[in-house]
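Subject: Handing over the two-chain model

Hello,

Here is the structure I promised you. Please open it next to this email, and my notes follow below.

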Amino acid sequence: MSPDMLLNLLLKSLGQTLQMVAAAGVIGSLIGLPIGIFLATSGRGELFPAPTINRIVGLIINAARSTPFIILVVAIIPFTRLITGTSIGTYAAIVPLTIATIPFFARLVEAAIREIDKGLIEAARAMGATPTQIVFKVLLAEARPSLMAALTMTMVSLIGYSAMVGAVGGGGLGDLGIRYGYQRFMPEMMLAVVVVLIVLVQLVQSAGDALARRFDKRNRKN
Amino acid sequence: MTIQHAATNVAPSVRAKEKGHGEPSDTPMVSFEGVTKRFGGTGGQPAFTALDGVDFTVAHGAIAGIIGRSGAGKSTLVRLVNGLEKPTSGKVVVDGTEVGGLSESALRGLRRQIGMIFQHFNLLSSRTAFDNVALPLEIAGVDTRTIKAKVGPLLDLVGLGDKAKSYPSELSGGQKQRVGIARALATDPKLLLSDEATSALDPETTQSILELLKRINAELGLTVLLITHEMEVVKTIATDVAVIDRGLIVESGKVFDVYASPKHETTRTLLASSLALPEWLRTGIKQTPSAGDRALVRLVFFGETAFQPLTGRLVAELGSDVNILAGGIEEIGGKPFGSLVVSYSADPAVIERANRFYAETGLSTEVLGYVA
């Protein structure tokens, strides 16, 4: 195989990975965010008290998170087919990746919001804020640095998960590494895949850290 | 103990009339009527009684201090005023409105008329000083232009005109509390609640924050209800005081009166820091005299007696056998207040002469005990 072909394969797989990670990251986070907010604010005596639903949602999230990803991919094939019309390929792989992102991100959002000093909620209530105003003006605003860190962590995990969707023909860098690097004994391809993944994760992490720092006004010094 | 000091101890109308602002009504700004508050008590756990039948009023324009040790129920008490807590029984009335009877949205309306400041400031770290002060206005739906016009002068009022763009992490504790005060004043409240607002600050900063609160009270005619565990705070700015202990108001009245003649044990303990006897005097003090002992007496000078040379006359009255052991003069509620601990012979004849002298001059005294 010529170096040109190798490079083409690598670029094509990188494109697939980026596509899957971006789509699942965006959709999963958008769905996970409100669920995380709900988890953090619906306990007994909190802003939107609904302890029973809170517990049920928590159970579902735990169940989803304890299912190994590769099993999740296979288990939801009927659902994937329902959504995308097919159960194989890059688009189809976005469905299980999204499903895995939602509970992961939701728990991180919950933790980020619970971290906020209860005194701020009390101060906002004392100002006459509605629960919705407290969520948007206080909780989400104050949690911004932690939410940014949560999003970064989610994206990095997604890059890892995306290596497994080769099982349903999702393609991507992980799949390339397994099929060419491992099964066809091409250590240089394996190495190339690993290097690209490392660079990708580094870039995502650095960008996420930079954004989180920009939002973080907690430790500014004169 | 079930001593309840009736609300009548504090004359609610007097101060409002003195100040001559607002409606000259007799309704107090805040009144507690038989308020109890219990926490828990569900799921087989015993309920915790935070407040056990509190009667207390705060007059319009007053600076009322509620003082008590931690766990006495102070925080609960102040949170009942803006409905952050609901009473288990009894009524909390703010300027004629019963807080317990309000719907959630009516309660939010009331809260906009009540500012609150906190021990740990509770500023949003993600917002600048300017934006923190703007927050209650945003919440109230005030338009951006009005907010801009309003926040600047508020920051000037608290002396932080140049810190508008600073984040809380760039400010000192005292500056943070000033932002907190400006924020509390943003919606032009008629009442300011202060929850241990100076407890996290050093003594010097505490004084400057207290001065600011005093000025706001005088300039804006704002009623202030503050809770604290420091007698110093009450002494410096409050006009009225209530002492709370184990969920009960055990003593209340004008600060000067309570300070001049504390009646309840808790009050004495809280006062102890400023009225304490020196260690060497406290040891070996007895409650009953035996032959040859000396009486230990605290003389309290205030009002008229503060300006008379009574000590000299006492010495003349009792002979030279008067020993001054401790004392000092402070300013409380804007008036001079002196306290002098003296000892003289516990011989019945001497005691008799001393008591006659006190009765003639109107000097307030307290026999602390007897020493050998």
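A word on terms before the details: two strands pair if DSSP finds at least two bridges between them, and helices (H or I, at least four residues) and strands (E, at least two) are DSSP runs numbered from the N terminus. With that in hand, B:Leu299 stands opposite B:Thr365, which belongs to strand 14 of chain B.

Please keep in mind that this is a predicted model, in which local features need pLDDT of at least 70 and side-chain atom pairs count only at pLDDT 80 or more, while totals for chains, interfaces and linings use all residues. Residues are numbered from 1 along each chain as its sequence is written, and chains are lettered from A and ligands numbered from 1 in the order in which they are written.

**The sheet around that pair**

Strand 11 (residues 294–302) and strand 14 of chain B run antiparallel and are joined by seven bridges. They belong to an open sheet of four strands in chain B, with the order 12-13-11-14 and antiparallel pairing. Its edge strands are strand 12 (323–332) and strand 14 (364–371), each of which pairs on one side only. On average, neighbouring strands of this sheet are turned by 15 degrees against each other, direction ignored; angles here run from 0 to 180 degrees between N-to-C directions, and axes are lines fitted to C-alpha atoms, for helices over the stretch in contact.

**Chain B as a whole**

Chain B has 13 helices and 14 strands. Of its 372 residues, 41% count as buried. For that term, a residue is buried if 20 or more other C-beta atoms lie within 10 Å of its own, exposed if 12 or fewer, and partly exposed in between, with C-beta atoms placed from the backbone. Among contacts in chain B with a separation of 6 or more, 71% are between residues 24 or more positions apart; a contact means that the C-beta atoms of two residues, placed from the backbone, lie within 7 Å.

The domain assignment, automatic or from a database, gives domain 1 (7–264) and domain 2 (277–371) of chain B. Eight residues of domain 1 are in contact with seven residues of domain 2. Helix 9 of chain B gives the largest share of the domain 1 side, four residues. By class, that side has four nonpolar, two polar and two charged residues. The classes are Ala, Val, Leu, Ile, Met, Phe, Trp, Tyr, Cys and Pro as nonpolar, Asp, Glu, Lys and Arg as charged, and the others, Gly among them, as polar.

**An enclosed strand and some loops**

Strand 6 (residues 114–118) of chain B is largely enclosed by the rest of the structure, because five of its five residues are buried. In a regular strand the side chains alternate between the two faces of the sheet. Here both faces are covered, with B:Ile114, B:Met116 and B:Phe118 buried on one side and B:Gly115 and B:Ile117 buried on the other. Strand 6 pairs with strand 7 of chain B in the parallel sense over five bridges, and B:Ile114 has B:Leu191 as its bridge partner there.

Which loop holds B:Glu196? The one between strand 7 (191–195) and helix 7 (203–220) of chain B. B:Glu196 has a positive phi, near 50 degrees, in a residue other than glycine, and B:Glu196 is buried, with 20 other C-beta atoms within 10 Å. B:Arg246, also not a glycine, has a positive phi of about 45 degrees. B:Arg246 lies in the loop between strand 9 (240–245) and strand 10 (248–254) of chain B and is partly exposed, with 16 other C-beta atoms within 10 Å.

B:Ser261 lies in the loop between helix 9 (255–260) and helix 10 (265–275) of chain B. B:Ser261 and B:Glu366 are 105 residues apart in sequence and 8.9 Å apart in space, C-alpha to C-alpha.

**Chain A and where the chains meet**

Helix 1 (residues 3–41) and helix 8 (residues 173–183) of chain A pack at an angle of about 140 degrees, with their axes 7 Å apart. The two helices are therefore oblique to each other (under 35 degrees counts as roughly parallel, over 145 as roughly antiparallel, 65 to 115 as roughly perpendicular and the rest as oblique).

The contact between the chains takes 22 residues from chain A and 21 residues from chain B.

Best wishes
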